[in-house]
Amino acid sequence: MAEKPTYEELEKTEFERKLAQESLEKEFRMQTILLDNIPGCIALILKKGTREIVASNRFARELGAVPGQTCFKTCAMRDDNCPFCLAPELWKTDQLQRVEVEYRGTWYEGIWAPFSKDLYVHYIFDITERKRTEEALKESEERYIELFERSLDCIYIHDFEGNFIDANPAALDLLGYTKEEITALNFASLLSEDELLKQGFNALRDIIEKGSQKDLSEYKIKKKNGDYVYVESKGSLLYKDGKPYAIVGIGRDITERKWTEEVLRKNEAKLAESNQLLAGVLEHTHMMAVFLDPQFNFIWVNRAYADTCQQEPSFFPGKNYFDLYPDEENHAIFQRVVDTGEPFFVEARPFEFPDQPERGVTYWDWSLIPVKDGMGKVTGLVFTLVEMTGRVWSEEALRESEEKYRGVFDESITAVYLFDDKKKFIESNKAGLDLLGYSREELLNMSIPDVDADPIVVLPAHKQLLGGERIINYEHQLKRKDGRIVTVLNNSRPLTDSEGNVVGMQSTLIDITERVQVKDALHESEEKYRKLFENESDAVMIFDAETLLFEDANEATLNLYGYSKGQFLSLTVEDISAEIEKTRAVVQQLKEGKPEIKKIPLRYFKKKDGSIFPGEISTGTFTSSGRKKIIGAVREVTERRQLESQLRQAQKMESIGTLAGGIAHDFNNILFAIVGNTELALEDIPEWNPVHANLEEIKASSLRAAGIVKQLLNFSRKADYELKPIDAVAVIKDALKFLRSTIPTTIEIRRHLPEKEAVILADPIQINQALMNLCVNSSQSMEETGGILEITVEKTTMEEGVVKNFTDLAPGEYVKIAVSDAGPGIDSEIIDRIFDPYFTTKEIGKGSGMGLAVVLGIVKTHGGAIAVDSQPGKGVTFTMFFPVIAEKPVMEVKTPDEIPRGNEMILFVDDEKSITIMTQKILERLGYRVETRLNPIEALELFRSKPDEFDLVITDMTMPQMTGVKLAKKLKDVRSDIPVIICTGHSSLIDEKKAEELGIAAYAMKPIEMSDIAGTIRKVLDD
């Protein structure tokens, strides 16, 4: 049986109980003081097991909690998912935990930490403002990145020494560098010394002195592969912390424009050389190009493709693409293009080389274009590729970097400190230790002055706190152990004992260093965005995807459309569109994002004055304040389309010239046989015989046909014609004498001709032909209704501003010949095609489509230009311009001569049997002795056998085995003084000037009349 405790033992037990109770009461008072003085957050102390709480006054006020009871029973919210109480699993751990949640429209950050053996403290902070700041930065960065990455122009940033800091994809693609490569370069290294002195230093000086360039600079820049591009650039300063630290430049690739302008200045005689240059560019460009047949067998590959595949170009022809690179999905795409005839384009398509596994997955931009014949059947595929692997990897790295940065930012820590009335640290949580970088033992031996870096702010605050006042949300700076300065947001209150005496201070610090940096970065990002936006040479605008109202527009937009800023921001995107339905469809597609639209090559827009212009669009989307926004960049392409149209017209002219040259030789040979045999028949039949008149008509018709061939050759600039000073007024007067008899009497002819002569360098027959073609064309448009045909001739002076609208014209004085009618006019849809060969709107049998094409050819061969002005229902005016010269007109009087004859020995060579027989008869009637041969080799052998018997050789130019020029050279090798006459229907290898340079005695174009050939022979033999 246990002994009863003694009185002394009971007294000792009671004393120990009282001490424990006093200790608990003191601990509870400390808890209450701590919780009641915590600013800016809600705090709870929860007892393990029973989950009883000791809550701050703010918690009690806002949530209705009662200290001493469980939070689930007393909390007015009664929500098991309440963010103010972390998940029940946390009761099982003694480790500090942190979480961010959104509850009822407010973001909170909660910290769960052990307070003592059986108690836990839970702090909840309102972080809504921080979240909003982060969202604003994200939106600003998205807009900046969208504009930077999507811009059609090249954007680059470099420091004041010219070292590159960054460049957008357009700049990297243009120069052929990766981002890592470009940031290792200096801007000056891309320029020649001359370019650097001429443009670079001047531009840099303007930017540094004035903040930005007033005028564009033009550079010739060397790409990574050694090629050069022309870039038009403009730069301005970038600022950080109010100080300039770098230069941002916006450049536009004008290489294509330079090239197009250069091509248009070249004459058509050098087009073949241009084609060789184009072939060279395709062969050596970094873009890979492949030509396949419809079964996907290789026909041709360029060097870039062969190098990428680690083969020689000769390896591929004859092999099948999918035998080398099998891929069912790609095969289906290729087959669909062949079956449908529709091109296929794709960006960043993944691909793995089966014979280069070390490369892994690569990414490519595709262009798969079908080649069709005249019937629309696909006869081949043009396959071009540009590798985008580096760009894809860079974008992925950027995304990973941003996610890592965001994760670190989200793990920010809040610090809580307790100080005594001497400003000495008496308590700190782990966050506080991390904030200042000290261990717990080190910090508790320090006071506020040891870490204060901002005494001007802190000392007055401490005075207020020790005086019993509270201080909320004041910013100051602290000095970490490592010397780094951090900026904090401080909420402090005085700590009091049970009697209300101030015994210390409690401070809750939030490290806002990163927030301050974020704000600075936001400001810097906004500044970069605004500078890029305002300095972008394209029209850039932002509008709401739902209302379609414009929210922002740069200066280029206002200049392009003709509005003020206020006027433009009151418009919708439909107000500036000339294709409203297409615009609505694009906006809807951008809103849905499927499929994504990046570029629209052509759309038509409407300016304030109502004029319409074509433009190229680059688009993108971003979200701001929960609403989808659309950003669009518009580039006016009116000038580029005009240049492309002029280039296409020049190519058409080259095509018809090639056609004309090709048919001229055979056609003139046929006409030569007709004319020659007709002249032989005319000599055999007396003039009283009716057949004689018929033969004369045959001869005249044949010579007219020869004139048509000559017109075709004139049109292609491949025929011989004689330009001499003539009075244009006199030639037109003569032409108008015959015009009246060729057009209906229902059409009135009105002439407006000057009294003074207007001398031009021209062929009068061709000028006559051009005028007649225009007059007949105009009269046909008025056949049914009748009307007035007006011909006006006058001198005019064309200034620099006018001649730039015409290709190859220079400022000066011109004769202007205008032909106007009162017909129905020309539809705007076909007016660009009226000069195309064989284009006609007339019924079959009423026009060949060559009239206006021939006029254009005549005008161009005379160094002139032609313009057309027409409005439906108001007739047409064609105006020809010919340059005036200072010489006097040449007057020629031609009198018929007797046909000369002779008896010399002639060797005649031509591969056409009918021409050989006919020419032999003509020459023999003229008294000459003749030997003929159909083969130039046989003719040479005959001449070598008896060279002294022949007085003259007449030979065709185009023959099998040997040309006439080559035959003449070999004949002269045998006998140097033998005269040779070249007689041809047409050849691009010889003309009168070349014949003279080669020592040919004479040059004659078929068909030739008997009198002409007789005169030529006699002149050569007598000389």
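**Helices, a sheet and single residues**

Trainee: At the start of H29, to within what distance of the backbone nitrogen of Ile937 does a side-chain oxygen of Asn935 reach?

Mentor: Helices (H or I, at least four residues) and strands (E, at least two) are DSSP runs, numbered from the N terminus. A polar contact is a pair of N or O atoms within 3.5 Å; within protein, one must be able to donate a hydrogen and the other to accept it, and residues adjacent in sequence count only if both atoms are side-chain atoms. At the start of H29, the side-chain oxygen of Asn935 comes to the backbone nitrogen of Ile937 within 2.7 Å.

Trainee: At what pLDDT do side-chain atom pairs count?

Mentor: Residues are numbered from 1 along each chain as its sequence is written, and side-chain values use heavy atoms, with hydrogens and water left out. This is a predicted model, in which totals for chains, interfaces and linings use all residues, local features need pLDDT of at least 70, and side-chain atom pairs count only at pLDDT 80 or more.

Trainee: Is Thr955 buried or exposed?

Mentor: Thr955 belongs to strand E35. Leaving aside residues up to four places away in sequence, Thr955 touches Val909, Gly964, Leu967, Val980, Ile981, Ile982 and Cys983. With a relative accessibility of 1%, Thr955 counts as buried.

Trainee: Which exposed residues does H17 carry on the face turned away from its buried side?

Mentor: The buried residues of H17 (455-466) are Val458, Ala461, His462 and Leu465. They cover an arc of only 105° around the axis, so they stand on the same side of H17. These residues pack against helix H16 and strands E18, E19 and E20. The face turned away from them carries the exposed residues Ile456 and Lys463.

Trainee: In what order do the five strands of the open sheet stand?

Mentor: Two strands pair if DSSP finds at least two bridges between them. Strands E22 (550-553) and E23 (599-606) each have a single partner strand, so one side of each lacks a neighbour in the sheet. The pairing is antiparallel, and the order is E22-E21-E25-E24-E23.

Trainee: What angle does the direction of helix H21 make with that of E25?

Mentor: Axes are lines fitted to C-alpha atoms, for helices over the stretch in contact, and angles run from 0 to 180 degrees between N-to-C directions. E25 (residues 627-636) pairs with E21 (residues 539-544) over six bridges, and Val540 stands opposite Ala633 in E25. H21 (residues 580-592) packs on the sheet, touching E21, E23, E24 and E25, and its direction makes with that of E25 an angle of about 130°.

Trainee: What relative accessible area does Gln310 have?

Mentor: Gln310 lies in the loop between helices H10 and H11. Its phi is positive, near 60°, in a residue other than glycine. Gln310 is exposed, with a relative accessible area of 53%.

How values were computed: Contact = heavy atoms within 4.5 Å. Expected span 1.5 Å × (residues − 1). Buried < 20%, exposed > 50% of the residue type's maximum accessible area, 1.4 Å probe, protein only. Arc of directions from axis to C-beta.
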